[in-house]
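Subject: Structure handover and notes

Dear colleague,

I am passing on the structure we spoke about, followed by my notes on what turned up in it. Please keep the two side by side as you read.

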Amino acid sequence: MFFERERGGDRAVLVHLDMQDEADREDSQEFQELVRSAGGEAVALIQGRRNQPSPRLFIGQGKLEEVRQAVKDNEADLVLFNHSLKPSQERNLERELQCRVLDRTGLILDIFAQRARTYEGKLQVELAQLEFMSTRLVRGWTHLERQKGGIGLRGPGETQLETDRRLLRTRISAINKRLQKVRVQRQNSRRARVQAEIPAVSLVGYTNAGKSTLFNNLTRSGVYAADQLFATLDPTLRRLEVGDLGPVILADTVGFIRHLPHKLVEAFQATLQEASEATLLLHVVDAASEEREDNLYQVNEVLDEINAGDVPALLVFNKIDLLEQQPRIDRDDEGLPERVWLSAQTGEGLDLLLQAINERLLPRLVKGVLELAPADTRLRGKLFDLGAVVKEDYDDQGYCQLEIRLPQKDFNQLLAGLKLQSEDLKWLTKP
């Protein structure tokens, strides 16, 4: 990263408060998982209740003393808050506790920095870190003042803080330009897939729901998968053959989390676009989690934020091996697959998932056996030109029987070009 804070050890005192406002509440168990995923060692957990945070320190004086004592007793290196802190609150807490203080957003950014592997991922993380740190620069330079005048002492006329802010803006601008190139490349790739009529299926879901394990088992890939939050950061795309549908592009994306920092959503816009521009979303849910319903809600919130709320979705309830349930497909009133219950770990139900994907996307295709009279040579030729003919036969009267398979969009354009109506055609097997 361009600007690094001095790092110490990873022995951490955790602070979690239950707020009166339900929207501000966090999960203490998830917080501990975040710390573990970041490589930290939680030596103490300080919990409490509060109607609203203190403007100066977020916590009250009594809780401050409790945290200070825990830091001293456990020789902790930092204090982690399961909440978003204002820059002034972080500075005041560090001054009082005499150790590093990091909030929930900073912790998530640290995990992302560890997980980033690709060029794009590293750029996105650095952009989010720099924008997050731009409001917190003052802490590192309180000992420096504006340079004094005089012979041999005249400076550039700005403090080190002002210099750093200028350098930050320059670096952020450079990263945005590089990310714009990446976005253009992604758009070109998507455009090529759209032109080839290859459906795009994106895995989305709460972090640690099992998306990467499912992705690996479906595509026989070696994407990193682990029982930790944000094991996957960089998006991965693979080609997958699905029944009668043919090839689809399957994308594994970063997991979501409650109160995902807005700066991260903005920085990872190019990555998250894989979800917003997908043909179908596979919303993977940890079926064994006690927070299952809340996690579903949190993911839908993020999907709305990235303009993917209207993309058709298939719910995939994973980890049924922990519930001792059998794999199955739940259908809606029209008979379309709505939920699939499976275990990505054991492989149970993967065939049902492929069947469900096939059924959900197959209506986009026109399939059937079409009977053409000898005079319909123009229609026959166009169908061959489109590569839509699977099989061709002739009956005793010389009528052509074409088994066709092509996207609905192409079929509609073909009929419009020939000024034909679907009702004018004779189907031996209905599409």
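On the side of helix 2 the contact is made by Leu64, Val67 and Arg68, and on the side of helix 3 by Leu93, Glu96 and Leu97. Sorted by class, the residues of this contact are four nonpolar and two charged, with no polar ones. Please bear in mind throughout that this is a predicted model.

The axes of helix 4 and helix 5, the latter spanning residues 119-133, come within 10 Å and cross at roughly 155°, which makes helix 4 roughly antiparallel to helix 5. The crossing in which helix 4 passes helix 5 is left-handed. Helix 4 contributes Thr105, Gly106, Leu109, Phe112 and Ala113 to the contact, while helix 5 contributes Val125, Ala128, Gln129 and Phe132. Six of the residues in this contact are nonpolar and three are polar, and none is charged.

Helix 1 packs against helix 4 at an angle of about 40°, and the axes of the two are 9 Å apart, so helix 1 is oblique to helix 4. The crossing of helix 1 and helix 4 is again a matter of hand, and here it is left-handed. From helix 1, the residues Glu30, Phe31, Leu34, Val35 and Ser37 meet Arg104, Leu107, Ile108, Ile111, Gln114 and Arg115 of helix 4. The contact of helix 1 with helix 4 divides into six nonpolar, two polar and three charged residues.

Next, the interior. In soluble globular proteins, nonpolar side chains tend to be buried together. The largest nonpolar core in this model has 30 residues, and those with the most contacts inside it are Leu80, Leu107, Phe256, Leu281, Leu303 and Ile306. At least two residues of this core come from each of strand 1 (11-19), helix 1 (28-37), strand 3 (78-81), helix 4 (104-115), helix 9 (269-276) and helix 10 (292-305). Helix 4 gives the most to this core, with four residues.

What does Phe256 touch, once its neighbours within four places in sequence are left aside? Phe256 is in contact with Val204, Gly205, Tyr206 and Thr207, and also with Leu272, Val299, Val302, Leu303 and Ile306.

Glu75, in the loop between helix 2 and strand 3, has a positive phi of about 50° although it is not a glycine. With a relative accessible area of 65%, Glu75 is exposed, because exposed means over 50%. Asn208 is likewise not a glycine and has a positive phi, of about 70°, and Asn208 is found in the loop between strand 5 (200-205) and helix 7 (211-219). The relative accessibility of Asn208 is 22%, so Asn208 counts as partly exposed.

His83 and Leu102 are 19 residues apart in sequence, and their C-alpha atoms are 9.4 Å apart in space.

Finally, some totals for the chain. The protein chain has 13 helices and 15 strands, and 48% of its 431 residues count as buried. Among contacts between residues at least 6 apart in sequence, 69% join residues at least 24 apart.

With best wishes

Conventions
Residues numbered from 1 in each chain as written. Predicted model: local features only at pLDDT ≥ 70, side-chain atom pairs only at ≥ 80, totals over all residues. Heavy atoms only, no water. Core = buried A, V, L, I, M, F, W, Y, C linked by side-chain atoms within 4.5 Å. Buried < 20%, exposed > 50% of the residue type's maximum accessible area, 1.4 Å probe, protein only. Contact = heavy atoms within 4.5 Å. Nonpolar A, V, L, I, M, F, W, Y, C, P; charged D, E, K, R; others polar. Axes fitted to C-alpha atoms, helices over the stretch in contact; angles between N-to-C directions. Parallel < 35°, antiparallel > 145°, perpendicular 65-115°, else oblique. Left-handed = near helix turned anticlockwise from the far one by under 90°.
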